[in-house]
Amino acid sequence: MEFGLERGGGGEMSGFPAVRMRRLRENATLRNMLTEVRLEPEHLILPVFVCPGEGVSEPIPSMPGVCHWSVDRAPEVIEPAIDAGVKAFLFFGLPAYKDADGTSAFDSDQPVQRALRFTRGKYPDTVLFADTCMCEYTSHGHCGHLTEDGRVDNDATLELLSKTALSQAEAGAHFVAPSDMMDGRVGAIRSALDGAGMSSVGIASYAAKLASAFYGPFRDAAGSAPSFGDRKSYQLPPANPREIIRDALMDAEEGADMLIVKPAAPCLDIACRLRARTDMPLVGYVVSGEYVMLRSAISSGALDADRALLEYHIAVRRSGCDLVITYFATELARLLRRDAR
Ligand code: PBG
């Protein structure tokens, strides 16, 4: 093929030097006008770890800058977020007790349910998500009911998850967010909610949740590491994109309202593929390991905080996600407000 300056489709002069892309980047106003993907505080969801007791604000050693909060002190993390423009929260709980079937997950007096009631009452304009899973509540740390030979029993777990979702919905969750990865959980939870007259409560399912090393700091924070084995029989294999997409789209068929993809950056291609396959809202989750990775690079001075946080989270939006769950939500929202001025 000849290398000519006049190359271009339809006989038009569309090649260099007729086209100079840099004309579109000439000054800051123009660059701002032509910005294709925007990140706003409204796109962010802040995860909050709630624990039993009163007066507790306990820094989480594995996640510098993140705390466990007792419900009475939750305003100290929620109000700064709201002031910065964040409207949505995702609750995780440390229960007061654990047992083999994780029954504290559906105990209405436990921290997540209390936090939902409290937040729904005190901040009526917020949108509340509850992580629906068993691993924080089971004595063995797996995401469901165990058989005698130590495997997670899929169908018995659906019952536990449905009870948990119902109890979270009754406490005020707008969305339950099943993160267990059992087959059929979205359908089971949908019919449980509908059967209880809670058809207005949505399901934001962790649809593409990979079996990932990046949940390590969270498992320390939530005390939810499995006491034996791993989660590879239920979470998705990172090297299997077709299997991931099939599994994720099944959640849509079963009645999910939004699909969560995580970990965010290692799954940008997955979000992108899902975006092409469904018009549903997609949510990217910048998980604990990504948080710690960025936080330590920022603390050491290796990365510029503002630029790194913006670039990282914009990439998640660019991949096709409407919303982003991130431990940086408050910090990022402040940054976005400052930039907008
Ligand atoms: C519960 C759950 C996990 C995360 C969200 N929900 C941990 C896991 O699956 O082991 C991870 C969140 C994070 O790393 O920030 N199953």
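How many salt bridges does the structure hold? I began with this count and found nine salt bridges. I note at the outset that the model is predicted.

**Entry 1: a salt bridge between helices**

I looked up one of these pairs. The side chains of Arg185 and Asp251 form a salt bridge, with 2.8 Å from N to O. I then placed both residues: Arg185 belongs to helix α5 (residues 185-195) and Asp251 to helix α7 (residues 241-253), so the pair ties together parts that are 66 residues apart in sequence.

**Entry 2: the surroundings of the ligand**

Next I asked which residues are closest to the ligand. I found 17 residues around the ligand, and the closest are Lys209, Arg219, Lys262, Ser288 and Tyr327.

**Entry 3: polar atoms at the ligand**

I then looked up distances from side chains to oxygen atoms of the ligand. For Arg219, a polar side-chain atom lies 2.5 Å from a ligand oxygen. For Arg231, the distance from a polar side-chain atom to an oxygen of the ligand is 3.1 Å. For Tyr285, the corresponding value is 3.4 Å, again from a polar side-chain atom to a ligand oxygen. How much of the ligand's accessible area does the protein cover? On its own the ligand has 400 Å² of accessible area, and the protein covers 100% of it.

**Entry 4: the backbone**

Finally I turned to the backbone. As background, I wrote down that most residues other than glycine have a negative phi, and that most peptide bonds are trans.

I found a cis peptide bond from Phe16 to Pro17, with omega near 5 degrees. Pro17 is in the segment before α1 (28-33). Another cis peptide bond joins Lys262 to Pro263, where omega is about -5 degrees. Pro263 is in the loop between β8 (258-262) and α8 (268-277).

Is phi of Met181 positive or negative? Phi of Met181 is positive, near 75 degrees, and this residue is not a glycine. I located Met181 in the loop between β6 (175-178) and α5.

Notes. Residues numbered from 1 in each chain as written. Predicted model: local features only at pLDDT ≥ 70, side-chain atom pairs only at ≥ 80, totals over all residues. Heavy atoms only, no water. Near = heavy atom within 4 Å. Polar contact = N/O pair within 3.5 Å; in protein donor to acceptor, adjacent residues only side chain to side chain. Areas by Shrake-Rupley, 256 points an atom, 1.4 Å probe, with all protein chains shown as cover. Salt bridge = Lys/Arg side-chain N within 4 Å of Asp/Glu carboxyl O. Helix = DSSP H or I, 4+ residues; strand = E, 2+ residues; numbered from the N terminus.
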